[in-house]
Each structure stands twice: as structure tokens, then as C-alpha cells.
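Hi everyone, thanks for coming.

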2 protein chains.
Amino acid sequence: MLSKKQFKLINSLKKKKYRLEYQLFLAEGIKVVEELLQSNFKPHLILCTSDYSNKLSRDDLLIISDKELKSISEFSTPNQILGVFKIPNTDSLKTRGLSLVLDGVNDPGNLGTIIRLCDWFGIEQLVCSPNTVECYNPKVVQASMGSLSRVSIIYRDLESFLREDTRPIYGALLKGENVYQKILNKEAVLVLGNESNGISKEIQKLITLKVTIPHFGEIKRTESLNVATATAILLSEFMRN
Amino acid sequence: MLSKKQFKLINSLKKKKYRLEYQLFLAEGIKVVEELLQSNFKPHLILCTSDYSNKLSRDDLLIISDKELKSISEFSTPNQILGVFKIPNTDSLKTRGLSLVLDGVNDPGNLGTIIRLCDWFGIEQLVCSPNTVECYNPKVVQASMGSLSRVSIIYRDLESFLREDTRPIYGALLKGENVYQKILNKEAVLVLGNESNGISKEIQKLITLKVTIPHFGEIKRTESLNVATATAILLSEFMRN
């Protein structure tokens, strides 16, 4: 059974303020919670319905009713398990291989999809500007589908980070060089910007090579690609060779 | 001012049943409605707030109040304009160039993103299985960002469509050949499947070449890519040369 204190804690973690204060975040659903439990993330509290409890051999499970789960879930159809995990200590910056940098990405679904792409393409570190959506936002956790446990995510002032890094800096812009015609260095930093405004002016100044995904066909086309699909195409271009 | 009849019509169009019955669909927001007005789509009714009315020189505009717009909008912050458009007659099937085929894509956001990708990559026709989410669903219209006006979308029984088509049929599967190592024919059909189950068994039998986007790095990775990001990467691979 869920105590009042636990109910209050879980509801508070839907807000960024309390996630920062308690250094805890929520994850829901079998796939995401199981992947986090198998990772280095430390569980603080794992709640599940009785149907699910015998599938997981742990002695720290708290069995709750379907009704209790529904009362704390963000899903219209809750999926058997909800976990409260500790926010890990920020890793140190890695300055090897390909790092992905996000400058002001707002949409939680986009950030979650980008984390999943980093996981797929073996990108170990994602560096986000302080105004990028927080990666422990429940919608980001959900959209990342457990990839959050395998990608190190750091929030940094991008200007100082990029000034100190010695790798070439690629930036995705609408007016840049055709990415298909460039030999891309895998020891590099790749920057993508905000959904509406792209990469901020200050950061654009630090870019070594502006790259563009060209569009095809003759008629007037959509103005831009969604930031998550642009990230997919660019990571594929960097890693394909 | 909005009449009761108009109010009722607009609300009914949030349901597929009535979109099919009336052969009309809804679009909201400046960007999407303006792009549809500039296309071959025929408007049935255009409603906008007085702020916006002088920006658009049309005599068929119906001026409504902010409160009226809010009462019919699906947005929490409605964006000045709402249009009711006629569903166009289905174009004939094109059997030249690269066609994209979707087998059971469920999520409206994914379909909208894929329509936008077709627009970017100059893919003229998208062929969907009957169980793919309907392209005039308001969430699809929104996510497509106006690209709906530039991509022909047809719902067909895929088995008979693919049996009659003479082009090679590529299918995106988790176990297929490394797409980066293949020479891809641009006179072809590319099939992507459902978010959870991929391409159905019946359709898999018709595929000429199964292709896979390989993952990178040594540690255990996410099991699959989101269907919209996989589409982005595959369309980029077909078109890049």
C-alpha cells in the first residue's frame, strides 16, 4: 500500500523544482523501469501491481493496487510498474569521439528521441545548453525508452565548453555546406539548435563547419526538418563509414 | 460569429467517421492553414480572429472571437486561424521513382513526421495500409506542418499493390542487410512497419531486399529506432547519391 508520504513524493517529482531538490526522478512502464534497473541507476522506490510483482525478483518492491497506480501515473493506461530513481552524479566531460551538443531543444519528445538515437549510434555523451529541456522530465524519460541509462547527459554553458574543446565543431544550419559532399571527422562535436530558432548567434560564431541536409525535388518544400529527424540523418552520416 | 451549425460541423470533424462522411478535415494555426490555402486543397470554411483577418486578403473569411476559436480548437493556445478543407480525390498510383509504403503505422505524430520527410526528400507518393492512422486526423495534419499539401497519400491493400508493382521492394527490418553497404535503386518501393511489430508477415514475403540500419558501439543498445527516425535515415540513404 502507498503511504501518504510516498504519494506526495511521487507527485512532487512531476515538477522540475522537486526533482532538483530531492535529486530523484520518475520512470514508468515495464520497458523503461526494467532497463533502468539493469543499469547503473540506483532505485529509490519501486512500486508495482501484484500481477507484475512475481516477474521481478527483488525484495524492495512495494505492491500497490491498480487504483493506486492510476492515481500516481501520468499514463491514461498505467503499465504495471513505476520507479523512483536517484539522479546520477554528472559525469565528467568526454572530449573524445563524436559528442552531440543541443542548443536550446525545447520539446521533451524530441530530446527523448535524440537520446535514443545517441544510444543507437554509440554516442556516449550528449551536452545540453542550460535552456534545453531537462532530461529527467517524465516525458523525456518515457520517449528515451530506457536509453537514458546508456547515454551520459551533461548540462553546460555551451560557449565555454566549445571554446575549450579542441575538436572541430560542426553545426546543423539551413544554410551550410551539403553534408553528403563532406568528409566528416568522427573526432568532433556536432551542434543542433532549437526547434524554431536553430543554433543561437553566439554559438554559431564558434562553429568550424556549417552543414545542411539538402532537400530534393523541384517544387517548394517544407522549410526545415524536425530536430530529431535532422539528428538521425546527421548521426547516420557521421557513423556510416 | 460562429453559427451553431458550424460549431457542430467542426466538432464532428474531430472524429474519423464524420471526416469520411462529409469528406472534410480540419487544420489549425497560421503556418498549416496558409500552406494549405496556397496548395490545391479546396477550403470549405476559413475562420479567424479579427487580429489576423487583415493579413489574409480573402472574401470568404469568417471572423470569430478568441473565445469562439478557443471553443473549437484542439490547442490549449489557439493560433488565430482554423480551416475546414475538402479531402481531395485520391490520386492515381504512381509507379515511378521512389515510393514509401507504411504498413500499420499507428502514431499520428509519426505519420505527420514521415509526411514532412517525404516532402523534404521529394517523395511524391506515400502508400499506406488501411490500418495505418488516417492522414486527416488533426494530430497528423498538425505534425505534417503543411507538407500534407505536397505529398500524395493513398490508402491501399498493400499485398495487391506490391504484387502488381514491378519495382524492387526494400523493407526495413531489424535483421536485414547493412543498408550502408548496399547500392540502393531509386526506382523502388521502401516499406516501413508498425511501431511495435514492424512489417507484417504477409508483406515480409513480398520484400526483395531486407535492409537494416546497423547500430554502433559495443555495449547493449536500444532495441530499435523509432519508425520516423528510421524513415529519415533510410530516405537519406536512398537520396544522398
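Let's start with the layout of chain A, which is split into domain 1 (4-86) and domain 2 (98-239); those bounds come from an automatic or database domain assignment.

A quick word on what you are looking at. This is a predicted model, in which local features need pLDDT of at least 70 and side-chain atom pairs count only at pLDDT 80 or more, while totals for chains, interfaces and linings use all residues. Residues are numbered from 1 along each chain as its sequence is written, and chains are lettered from A and ligands numbered from 1 in the order in which they are written.

Now, confidence. pLDDT is the predictor's confidence in each residue, from 0 to 100, and chain A has a mean of 93, with 99% of its residues at 70 or more. Within chain A, the lowest confidence falls in helix H4 (residues 50-53), with a mean of 84, and the highest in strand S9 (residues 188-193), at 98. For the complex, the predictor gives an ipTM of 0.91 and a pTM of 0.93.

Back to the domains. In chain A, the C-alpha centres of domain 1 and domain 2 are 30 Å apart. Where they touch, 14 residues of domain 1 of chain A are in contact with 10 residues of domain 2 of chain A; contact here has C-beta atoms, placed from the backbone, within 7 Å. On the domain 1 side, the elements giving two or more residues are helix H2 (16-22), strand S1 (24-28) and helix H3 (30-37) of chain A. Helices are DSSP runs of H or I with at least four residues, strands are runs of E with at least two, and both are numbered from the N terminus. By class, that side of domain 1 of chain A has 6 nonpolar, 1 polar and 7 charged residues. For the classes, Ala, Val, Leu, Ile, Met, Phe, Trp, Tyr, Cys and Pro count as nonpolar, Asp, Glu, Lys and Arg as charged, and the others, Gly among them, as polar.

Next, helix packing inside chain A. How do the axes of H6(A) and H10(A) cross? Helix H6 (residues 108-120) and helix H10 (residues 227-239) of chain A have axes that come within 9 Å and cross at roughly 15°. The axes are lines fitted to C-alpha atoms, for helices over the stretch in contact, with angles from 0 to 180 degrees between N-to-C directions. H6(A) and H10(A) are therefore roughly parallel to each other; the cut-offs are under 35 degrees for roughly parallel, over 145 for roughly antiparallel, 65 to 115 for roughly perpendicular, and oblique for the rest. From H6(A), the contact uses A:Asn110, A:Thr113, A:Ile114 and A:Leu117, and from H10(A), A:Val227, A:Ala228, A:Thr231, A:Ala232 and A:Leu235. By class, this contact has 6 nonpolar, 3 polar and no charged residues.

Over in chain B, the axes of H6(B) and H10(B) come within 9 Å and cross at roughly 15°.

Finally, the interface, where 27 residues of chain B are in contact with 27 residues of chain A. Helix H6 (108-120) and helix H10 (227-239) of chain B are the elements that give two or more residues to the chain B side, and H10(B) gives the most, with 6 residues. That side divides into 12 nonpolar, 10 polar and 5 charged residues.

A:Ala228, A:Thr229, A:Ala232, A:Ile233 and A:Ser236 in H10(A) meet B:Ala228, B:Thr229, B:Ala232, B:Ile233 and B:Ser236 in H10(B). By class, this contact has 6 nonpolar, 4 polar and no charged residues.

Methods:
Two residues are in contact if their C-beta atoms, placed from the backbone, lie within 7 Å.
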